Amino acid sequence: MNSRIKLVMKSGKASLGYKSALKSLRTGRAKMVLIASNCPPLRKSEVEYLAMLAKTTVHHYSGDNTELGTACGKLFNCSVMSITDAGDSDILSSKE
Amino acid sequence: MAILKSGKVVIILAGRHAGKKAVVIKNIEDGNNDDKRFSHCLVAGIARGPRKVTRGMSKKKVEKRSRTMKPFVKYINVRHVFPTRYQVDMDLKKAVDEADLVGDKKVEVKKTLKKIFEDRYLNQKDVTSEKKAAGSSYFFQKLRF
């Protein structure tokens, strides 16, 4: 999974963070949403509900927000990230 | 595809009408060029719902108490709105003409909205499909929090 995220960060478009994830879900641009394991449950349910409405896949990343941030190659943590364009990665097709 | 389609029931999260339910009439993505440069939507909601009715009340009283709804119309930032999975099939686009949303004309718009809401509330059994019926009943129930 980490390698797929790395490829998306390199070749595709992703937006890290709760606010931007919600924005991409609302406009329908998000293709997939990843949620870290230690995301607060209310926020997690909110993102899941919106993703259900937008018919976007949700992947519960096995790892907490620090690990998800590291997987994205960033020096900060990230609880929620949305993938708007997968690029060369097969993250969208393999997780169906 | 965007989530906020017209006819969708939403919950207002901020402002005077926070906690009230509304129906999306029109979604304006990417804002308009003058004052609202953010994506917003035009919603029509219930500011004050119909009064409670009990079994012992006469039919005339029930109808009188059911006609005490107060609607509102508002352009609201999409961030201050939470969509639900319910949909309502009231034909609101005809009732709410965009030009009529200033000043005195707004009162007229609200009057038509009140009538539409009340008619739908009293005739909830007439709605055919199950999905639409669930949406209507959800819309008129007060959100308890």
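Reader: What should I know before I start?
Author: The model is predicted, so to speak of local features takes pLDDT of at least 70, side-chain atom pairs count only at pLDDT 80 or more, and totals for chains, interfaces and linings use all residues. Residues are numbered from 1 along each chain as its sequence is written, chains are lettered from A in the order in which they are written, and side-chain values use heavy atoms, without hydrogens and water.

Reader: How many residues does each chain put into the contact?
Author: Chain B gives ten and chain A gives 13. Contact means heavy atoms within 4.5 Å.

Reader: And how much area do the two chains bury?
Author: About 1100 Å², with 65% of it on carbon and sulfur atoms. Buried area is the accessible area (1.4 Å probe) that two parts lose on being put together, summed over both.

Reader: How many over all chains, then?
Author: Eight. One of them joins the side chains of A:Arg4 and A:Asp90, at 2.9 Å, N to O.

Reader: What does that pair tie together?
Author: A:Arg4 lies in helix α1 (residues 2–11) of chain A, and A:Asp90 in the loop between β4 (80–85) and α5 (91–94), so the pair ties together parts 86 residues apart in sequence.

Reader: New topic. How much space lies in the largest pocket?
Author: About 470 Å³. A pocket is an open set of points on a 1 Å grid over the protein atoms alone, where a 1.4 Å probe fits, with protein on both sides within 12 Å along at least five of seven lines. Points are joined across faces, edges and corners, and the volume is the space filled by probe spheres set on them.

Reader: Which residues lie nearest its centre?
Author: B:Gly49, B:Pro50, B:Phe140, B:Gln141 and B:Lys142, out of 23 lining residues. Lining residues have an atom within 4 Å of a point.

Reader: What about the second largest pocket?
Author: That one holds about 370 Å³. Of its 18 lining residues, the closest to its centre are A:Lys23, A:Arg26, A:Thr27, B:Ser39 and B:Val78. Helix α2 (residues 18–27) of chain A gives the most to the lining, five residues.

Definitions and conventions
Helix = DSSP H or I, 4+ residues; strand = E, 2+ residues; numbered from the N terminus. Salt bridge = Lys/Arg side-chain N within 4 Å of Asp/Glu carboxyl O.
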